[in-house]
Amino acid sequence: LCFDFVVETNKTSHYKMATTAAARSTTTLWSKIKKTPIQNPLLFGIVLSTFKTSLSDLLVQTVIEKKEKIDWKRNAAFASFGCFYLGGVQYAIYVNGFQRLFPSAASFAAKSVREKLKDPKGIRNLFAQVFLDQAIHHPLMYFPAFYITKEVVMSDKPDIMKVLSEYRSNMSEDVWALWKV
């Protein structure tokens, strides 16, 4: 009887130690994951953009287009664009570039709506950021990069000049679609 008690106590102790260790490793893993966006925002942006862009295409293919077979080549084009352009290039544009062009943007963003309405310089900067993004960045960089990425990933013999010509003919339609959102 005494031996059984010791065995049960040891089993319970081992169980408690194992669950405590598992909880500690989960907590440690979760705390590392939570720190990633702060400690390595570029890596976080690349991983998140790749995942969300790929997942978005998968949802469109299966739910909206109701395809029975996934077009993985197309999905690779979206994932590549998410990784390199949305995760990398846009990080450089919005974080590094816009931060240099509009150094007071972060303090403006932190203000209440009432305070923002009393800050004409902040409002002008906000409109300037929107203008640069919508009238310069998207038409001249984002869309051409998307067309080129799609061509390079999906075509056996990519023709960059052909795809840029295709974009030129679609440009006004693409930009208007962007502005409707």
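**Exercise 1.** Determine how helix 6 and helix 7 are oriented to each other.

*Solution.* Step 1: take the geometry. In this predicted model, helix 6 (residues 120-154) and helix 7 (residues 160-180) pack at an angle of about 135°, and their axes are 9 Å apart. Helices here are DSSP runs of H or I with at least four residues, numbered from the N terminus. Axes are lines fitted to C-alpha atoms over the stretch in contact, and the angles between N-to-C directions run from 0 to 180 degrees.

Step 1: classify the angle. Under 35 degrees counts as roughly parallel, over 145 as roughly antiparallel, 65 to 115 as roughly perpendicular, and the rest as oblique. Helix 6 and helix 7 are therefore oblique to each other.

Step 2: assign the hand. Helix 6 passes helix 7 in a right-handed crossing, the near helix being turned clockwise from the far one by less than a right angle.

Step 3: list the contact, meaning heavy atoms within 4.5 Å. Helix 6 contributes residues including Phe143, Tyr147 and Ile148, and helix 7 contributes residues including Leu164, Tyr167 and Trp179. By class, the residues of this contact are 15 nonpolar, three polar and four charged. Nonpolar covers Ala, Val, Leu, Ile, Met, Phe, Trp, Tyr, Cys and Pro; charged covers Asp, Glu, Lys and Arg; the others, Gly among them, are polar.

**Exercise 2.** Work out how helix 2 meets helix 3, and decide whether Ser54 is buried or exposed.

*Solution.* Step 1: the axes of helix 2 and helix 3 come within 8 Å and cross at roughly 150°. The two helices are therefore roughly antiparallel to each other.

Step 1: helix 2 passes helix 3 in a right-handed crossing. The residues of their contact divide into eleven nonpolar, ten polar and three charged.

Step 2: Ser54 lies in helix 2 (residues 41-64). Its relative accessible area is 16%, so Ser54 is buried. Buried means under 20%, exposed over 50%, and partly exposed in between (1.4 Å probe, protein chains only). Apart from neighbours within four places in sequence, Ser54 is in contact with Asn75 and Ala79.

**Exercise 3.** Characterise Lys66 in the loop between helix 2 and helix 3.

*Solution.* Step 1: phi of Lys66 is near 50°, a positive value in a residue other than glycine. Most residues other than glycine have a negative phi.

Step 1: with a relative accessible area of 60%, Lys66 is exposed.

**Exercise 4.** State the confidence of the model.

*Solution.* Step 1: the mean pLDDT of the chain is 88, and 86% of its residues reach 70 or more. This score is the predictor's confidence in each residue, from 0 to 100.

Step 1: over residues 1-10 the pLDDT is below 50, and this stretch has zero contacts in the model beyond near neighbours in sequence.

*Conventions.* Local features need pLDDT of at least 70 and side-chain atom pairs count only at pLDDT 80 or more, while totals for chains, interfaces and linings use all residues. Residues are numbered from 1 along each chain as its sequence is written, and side-chain values use heavy atoms, with hydrogens and water left out.
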